[in-house]
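Hello,

Here is the structure I said I would pass on to you. Please open it next to this message and follow along as you read.

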Amino acid sequence: MGVKDHIGGLAKFVRQCETPMTIAVQGGWGTGKTSVMNMLAKDLARDEDIHVVNFNTWQYSQFDLGNQLATSLLLRIISGMPDTPSSEPKKVRLFKIAQGLALASAQVAAPMVTHLANTVIPGAGDSLRELASKVAQREQELEMSPVEAIERLRSEFADLVQVSGKRVLVFVDDLDRLEPERAVELMEAIKLFLDVPSCVFVLAIDFDVVKRGVMQKYGEDFSDRKARSFFEKIIQVPFQLPTHLYDTTELLQDGLERSQIRGADLQNYAALARESIGTNPRATKRLVNTFALLKQVRGDVSDREKDADAFATLCLQNAYPSIADYLNLKSREEQVGEDLPSDDDDDAEAAIPDNLRMETKAEEREWREEWLRATPFLKRLREFFTAPGGQGAFDEQRFRDATRLASVTSAGDAAEGPAGPASGSWDRTTDIGEMRLRLEGVTPDSFIDWGMRFHEALSGPIELVGQRGAAWTLNRTDRKTKRRVGSLHFGKQRMRFEIERFEGERNPEAVLKQLQVFKAAFIPEGDSTTRVIALRNETETQLPLSVQWKSDDPIDPEELAQFFLRVIR
């Protein structure tokens, strides 16, 4: 991925550095820490004067050994040392010392020692099996104080390393998957027990994990400076993965070519991936694999537009899952193009749509932060689903089809159907009391009162239906089947009303005429900045015809209701 020199330099340093040495390979989720560790281990294991031991903390923690990782690490390293006639008695002594220190946790030490007795130390089995039996029965007593045991263990381990005649490299992976406090305890154990000459420890961990761990263990008042000091005492050399230099083009292209994406399309796909998930290797693999799955779900039929649509929505889903779920759910009942940011937006913060699935202040804050981070890609997505040249409307049906297909690979519940703050609370309803109740706490009381007045002013063949979230739809009931003709949206700072269908809607002149009448009726002289009235695309006079207003300059609900009834008739 373009960082061969960095990895080669790290390998050379590990071969030549003074010992004891502890190195931290740092990087966020999916940035390739495990891959780098594996590359280093494979490369360095070729050296005859180097002995490599691998320890995956995640595997041990999955078997409920999280409290015993230090013991497990000790036993794994001891058992993994080269077998020589002179090393076997040292291993036995080390096992006894380690067992004594872990006596309080005998349920873990016993099976571990039994396993090692049966598999890894020829000639030492009887002694270790006897020891395992004593551990299981909690009969073994420490033959020395814990302080003496630690000193003996350290000394015996140093001797074991020395008689091997090799530099011992221990790779400890997936520390950042543990509870932070557990990760810190394991780091302390390495420093306490195993920090001896000719040993190099390479740990996959981030400073942020260490910081959270020391706060959990020593208290929330443990400052950032103290946490960094702790980190520096354990870690002599931090190695930050150079993710800014990553080039995942080859990884992406290899995956896409297996899905029959070739030629110029590869460049377009690569641009979408780069602008959404960036150069994260794991996210790139996930993206190409989920795309390959969707191709199979569609029957592997070659359709350039549908392939591209699916890939674009997968980019959104992988990079910004909460936004993908929101747009997917909303698109089933409403139009979503208007929610997507554009270069015409003056205030990015004000343009963030409300999301009722965010129940707490913290969730709402995270939602807004994610939307702001996603804004550049959302603008690209809006352009992607708009006719070439940007002159047409956002293609709602194309987007709806793509998101429904992509939701098959969603980690959330978007594929299962809409969900809300509480079970059943997002079902449709025509009960005006229930509709009002759902809005309480979601939108200002003045907006709720406005909605009640609007409801009372409506007459004729119009049915108001409370939808999921803070939205009402207006359905015409004097046809063979009910037909949605408009919608009303309640926000925290503004409201929006849309006319989506009316007689003569296919006549551009009729639509433009209604827009002009709309503006004359509801935009005061001098242009009020708190009201905005527009078509989706005035050049092509495409519906919906919408009006937005803020709480300090509301439109008269009775006047708007009467205007709406005149238009649809």
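Predicted model: local features only at pLDDT ≥ 70, side-chain atom pairs only at ≥ 80, totals over all residues.

Residues are numbered from 1 along each chain as its sequence is written, and side-chain values use heavy atoms, with hydrogens and water left out.

**The chain as a whole**

The protein chain has 22 helices and 11 strands. Of the chain's 569 residues, 50% count as buried; buried means under 20% relative accessible area, exposed over 50%, and partly exposed in between, with a 1.4 Å probe and protein chains only. If you take the contacts between residues at least 6 apart in sequence, 69% of them join residues at least 24 apart. Contact here means heavy atoms within 4.5 Å.

**The parallel sheet**

Back to where we began: strand β1 (residues 21-26) pairs with β5 in the parallel sense over 4 bridges. Two strands pair if DSSP finds at least two bridges between them. In what order do the 5 strands of the open sheet lie? The order is β2-β3-β4-β1-β5, and the pairing is parallel. At the edges are β2 and β5 (237-240), each of which pairs on one side only. From one strand to the next, the twist averages 20°. Helix α4 (residues 69-80) packs on this sheet and touches β2, β3 and β4. The direction of α4 makes about 150° with that of β2; such angles run from 0 to 180 degrees between N-to-C directions, and axes are lines fitted to C-alpha atoms, for helices over the stretch in contact.

Now look at β3 (residues 167-173): are its residues mostly covered or uncovered? The strand is mostly covered, with 7 of its 7 residues buried. Arg167, Leu169, Phe171 and Asp173 point one way, whereas Val168, Val170 and Val172 point the other way. Strand β2 (residues 50-56) pairs with β3 in the parallel sense over 7 bridges, and Val52 stands opposite Leu169. With strand β4 (residues 199-204), β3 pairs in the parallel sense over 5 bridges. There, Cys199 is the bridge partner of Val168.

Together, β3, helix α9 (residues 180-193) and β4 make a right-handed β-α-β unit. Right-handed means that, with the strands pointing away from the viewer, the path from the first strand over the helix to the second runs clockwise.

The axes of α9 and helix α10 (residues 207-218) come within 7 Å and cross at roughly 95°. The two helices are therefore roughly perpendicular to each other (65 to 115 degrees; under 35 is roughly parallel, over 145 roughly antiparallel, and the rest oblique). Residues in the contact include Pro180, Val184 and Met187 of α9, and Val209, Val214 and Tyr218 of α10. By class, this contact has 8 nonpolar, 2 polar and 5 charged residues. Ala, Val, Leu, Ile, Met, Phe, Trp, Tyr, Cys and Pro count as nonpolar, Asp, Glu, Lys and Arg as charged, and the others, Gly among them, as polar.

**An antiparallel group**

Strand β6 (residues 462-466) runs antiparallel to β7 and is joined to it by 5 bridges; Val465 stands opposite Thr473. Strand β8 (residues 483-490) is also antiparallel to β7, with 6 bridges, and its Arg483 is the bridge partner of Arg476.

**Two prolines in a loop**

Finally, find Pro353, which lies in the loop between α16 (321-331) and α17 (361-384). Pro353 is buried, with a relative accessible area of 9%. Leaving out residues up to four places away in sequence, Pro353 touches Tyr326, Asp339, Trp367 and Trp371. Tyr326 is 27 residues from Pro353 along the chain, and their C-alpha atoms are separated by 9.9 Å.

Pro341 also has its place in the loop between α16 and α17, and counts as buried at 6% relative accessibility. With the residues up to four places away again left out, Pro341 touches Trp371, Thr375, Leu378, Lys379 and Arg382.

Enjoy exploring!

Best wishes
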